[in-house]
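Here's a quick briefing to read alongside the model. Have a look at the structure first, then go through the notes by topic.

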Amino acid sequence: MICPIFAAKKLSNTIKIGTNKVPERLFEMESIFKNPEIINTESSNLSIVLLQNKKLDIALVPLEEVPVALDKKLVIAGLSERKEPSYRLLINKRFFQKKAVFKLEKNLKVVTDTQLAGLQLQHFRSDLSISIQTQTIESLHALLAAGTCAALLLSADKIEVKPEIWQDFHSLFLNPREFITAPGQGVLAYLARREDTPIRRELLQLHRPASAEITNIERKILKLQPDYQDFLTGAFGKKDDAGNYHLWAVQADPPKKTCRHFQVSSSTTVELAEKVVAGLNASETT
């Protein structure tokens, strides 16, 4: 949740912004900070560590990669507008099977960079071998092009960084209502130190309350599970034009390679996350 600002201090001249992405959000930040220094980091975790150690002033991090138990010295100072989150399955055409589920032949290897995505794919296709690899987009592209794996399973935002390099592969969109994304996916978080009130005040110009309204519920689902680290939980929420809220959730158990699903709709956000957790716990493994 967004932390309130109580005081103000003088803003330094040069603002150091760390990120392992190069999204269009950087241009928005350049509009409110004069001549910011953009520092490319190897990972979101490194950006957060550098922010903690005062090597950065702002960390620009995908919300799904922000720890639920964030260091008390840090705050989420703002959230970007949400892009529709989803996964894409990129298939080497040598292994494409038009009539098969997920368009893949049997007993093939699929590489993904998140365990949640891999377990959901195995839920539908237990014959597939899943490999979790956190490499650069270029390295993953090379694996697929060489046929080392039959397909890549990645979030849409990672693919859209360099959409032109995937043109030679078959691309399959996975609906987030059925293939559920990580809580907060599709939103970028602007992290700052709690003490840096001038920076936090400026970042509020970029904050989108509509993003917070839904993602706060998704992330609360994790907070309500004391053993959430033993499970992998996905949650995707939408608010319709009538003002009603809809949540789709999945809980995967890695040792058992099973998934529980739950869906709920409500006219209010009150106790909505609690309903999802209760529903997941009561659901049969499917």
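**Cysteines and disulfides**

The disulfide count comes to 0 with a cut-off of 2.5 Å between cysteine sulfur atoms. Keep in mind that this is a predicted model.

- Cys149 is buried, at 2% relative accessible area.
- Cys259 is buried too, with a value of 1%.

**Confidence**

- Averaged over the chain, pLDDT is 90, and 91% of the residues reach at least 70.

- Five strands form an open sheet with mixed pairing, in the order β2-β1-β3-β10-β4.
- At its edges sit β2 (37-40) and β4 (74-79), each of them pairing on one side only.
- From one strand to the next, the twist averages 30 degrees.
- Inside this sheet, β3 (residues 58-62) and β10 (residues 188-193) run antiparallel and share 4 bridges.
- Within that pairing, Pro62 is opposite Leu188 of β10.
- Helix α2 (residues 44-52) lies across β1 (16-19), β3, β4 and β10, and its direction makes about 155 degrees with β3.

**The sheet with β6 and β7**

- Here's another open sheet of 5 strands with mixed pairing, this time ordered β7-β6-β8-β5-β9.
- β7 (129-132) and β9 (170-174) are the edge strands; each has a single partner, so one side of each has no neighbour in the sheet.
- The average twist in this sheet is 25 degrees from one strand to the next.
- β6 and β7 pair in the parallel sense, over 4 bridges.
- Two helices are worth a look here: α3 (residues 115-124) lies across β5 (87-91), β6, β7 and β8 (151-155), at about 175 degrees to β7.
- The other, α4 (residues 137-146), packs on the sheet and touches β5, β6 and β8, at about 155 degrees to the direction of β8.

**Zooming in on Thr112**

- Thr112 belongs to strand β6 (residues 109-112), and it stands opposite Ile132 in β7.
- Is Thr112 buried or exposed? Its relative accessible area is 1%, so Thr112 counts as buried, the cut-off being under 20%.
- A polar atom of the Thr112 side chain lies 2.7 Å from the backbone oxygen of Leu153.
- Leaving aside residues up to four places away in sequence, Thr112 touches Ala117, Gly118, Ile130, Ser131, Ile132, Gln133 and Leu153.

Technical notes. Residues numbered from 1 in each chain as written. Predicted model: local features only at pLDDT ≥ 70, side-chain atom pairs only at ≥ 80, totals over all residues. Heavy atoms only, no water. Buried < 20%, exposed > 50% of the residue type's maximum accessible area, 1.4 Å probe, protein only. Pairing = 2+ DSSP bridges. Axes fitted to C-alpha atoms, helices over the stretch in contact; angles between N-to-C directions. Contact = heavy atoms within 4.5 Å. Polar contact = N/O pair within 3.5 Å; in protein donor to acceptor, adjacent residues only side chain to side chain. pLDDT = per-residue confidence, 0-100.
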